[in-house]
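Me: I'd like to learn how to read a protein structure, one feature at a time. Can we go through this one together?

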Amino acid sequence: MNSSEIVWAAVLACTAQAVYFIAFVLFKTAVGRIGPLGGRRPLHGAALLLRSPRWVAGVAVVLAGFALFAGGLISLPVVAALPAYGMSLALLLVVGMSGFGERPTSREWLAVAIVVAAMVTAALSVLPARGETLAGALHRPDGAAAAQALPLWKAGLVVVPSLGLPLWMFFVRDRLVAGRHARPITGIAYGLGAGVLLGATEVFGQGMAMMLAGHRGAAVLSTPHPYLFVAAGALGLGLLSIGLQRCRLTIIVTVVTVTAKTHLLLSATLLYGEPWPHAPALFLLRLAGVLLAVLALLAFPRHEQPTARDGERRPAPRPVRRAEPERPAAERPVGWTAPRATGRYARTPARFPDGPSARPGTPPASPPPAGWPVVRPVQPPDGQVRFPAGG
């Protein structure tokens, strides 16, 4: 491998990641305009997605990203392309914060930093050892023969674990959390499930690309690669769409990226003989990169913060009513009643504080509506209280 091939493969890898992010933004905007998606009604959810032109356009864009990525990995090891994905996370954060109003927490910033450190550490393991050139360190064996002669048990080792978590998400945990004390999730499980499926999609897409590059395209349909590529890709995009509809873009895409690339690295090593360094220091760097990726997934918070999200307003506090001070007798209007005090031991004023019928403990009378005539009692000399006729 010469330097021009290395540069060209790196450019393809960087372009593929940018194309992926365009597809993710299309998916995010598409699922926000359709009805609720769920794994328990897969046919209904698939019909909603296929009716969305924006989502179908996102599928076309992500397929273009798969083709670019597979073309870069024909001559470049997987770990050599990881720094491009780490640096592109900055673009993802900018898009999520400016386009969708998302604000990562301090713990999420820490997890993203660990993701970048994991990818850079794994990429450092491809540095040439003593007495080795860079081209020799980046050389990978021809995997076309290994992809064509892929045994079913090896494909099962990749497919079965990739389907376990998504199926559990679809049929067991695919329920919206409700209730007064429910805490919304950040989407880690959705990102993990979609990540392993899309990672398996990239694995089998890489196998098809190596066979096409090795002039073995006529034998592609006789291998399990195209069928597993379609099955894993369809399930992965479905679970990704559900997660993007319910959770934030930055969390879902970051978890999907780190999970898919870790899965791709380990699966390509098993299926196609992805080269691992033999020098102890470089081997430890590769292993440290994988462990940091796992640590990053554990560092992401599982639930959203209990505070109000950006763009949502807290309900305004109810105003506190204060008791008005009692007016002097000379300033009281006709029919006026002093405000009733509150509390357990509050004393209520009399109905007519200055009249003969005032009695302690009598509940106060409410004032008459505005515009009503006020009837005053007439007290004759005999002491009996009478009201005017017609009143």
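Me: Let's start with Arg248 and Glu304: how far apart are their closest N and O atoms?

Reply: Those two form a salt bridge, and the closest N and O atoms are 3.1 Å apart. A salt bridge means a side-chain nitrogen of Lys or Arg within 4 Å of a carboxyl oxygen of Asp or Glu. Arg248 sits in the loop between α10 and α11, while Glu304 is in the segment after α12 (280-299), so this pair ties together parts that are 56 residues apart in sequence. Before we go on, a note on the model: it is predicted, so local features need pLDDT of at least 70 and side-chain atom pairs count only at pLDDT 80 or more, while totals for chains, interfaces and linings use all residues. Residues are numbered from 1 along each chain as its sequence is written, and side-chain values use heavy atoms, with hydrogens and water left out.

Me: Okay. Are Arg248 and Glu304 buried or exposed?

Reply: Both Arg248 and Glu304 are buried. The general idea is a cut-off: buried means under 20% relative accessible area, exposed means over 50%, and partly exposed is in between (1.4 Å probe, protein chains only). Arg248 comes out at 13%, so it counts as buried.

Me: Which other residue is linked with Arg248 and Glu304 in a network of salt bridges?

Reply: That's Glu108. Its side chain meets the one of Arg248 in a salt bridge at 2.4 Å, N to O. This pair links distant parts of the chain, 140 residues apart, with Arg248 in the loop between α10 (225-246) and α11 (249-272) and Glu108 in helix α5 (residues 106-124). Glu108 has 2% relative accessibility, so it is buried too.

Me: How many salt bridges does the structure hold?

Reply: Three. Lys261 lies in helix α11 and Glu202 in helix α9 (residues 188-213), so parts that are 59 residues apart in sequence get tied together. Lys261 is buried, with a relative accessible area of 5%, and Glu202 is buried at 5% relative accessibility.

Me: You keep naming helices. How many helices and strands does the protein have?

Reply: Twelve helices and zero strands. Helices (H or I, at least four residues) and strands (E, at least two) are DSSP runs, numbered from the N terminus.

Me: Which residues of α12 are buried?

Reply: They are Leu282, Arg286, Gly289, Val290, Ala293, Ala296, Leu297 and Ala299. An α-helix has 3.6 residues a turn, so residues three or four places apart point the same way. What covers the buried residues of α12 includes α5, α9 and α11.

Me: Can we zoom in on α5? What does Thr121 touch?

Reply: Contact means heavy atoms within 4.5 Å. Leaving out residues up to four places away in sequence, Thr121 touches Leu285, Ala288, Gly289 and Leu292. Thr121 is found in helix α5, and its side chain reaches the backbone oxygen of Ala117 at 2.6 Å. At 16% relative accessibility, Thr121 counts as buried.

Me: And which element gives the most residues to the largest nonpolar core?

Reply: A nonpolar core is a set of buried Ala, Val, Leu, Ile, Met, Phe, Trp, Tyr and Cys residues joined through side-chain atoms within 4.5 Å. The largest one here has 81 residues, and those touching the most other members include Phe24, Phe204 and Phe300. α11 gives the most to this core, with twelve residues.

Me: Last one: is Pro36 buried or exposed?

Reply: Pro36 is exposed, with a relative accessible area of 67%. Pro36 lies in the loop between α1 (3-31) and α2 (42-50), and it touches Leu48 and Gln245, not counting residues up to four places away in sequence.

Notes: Polar contact = N/O pair within 3.5 Å; in protein donor to acceptor, adjacent residues only side chain to side chain.
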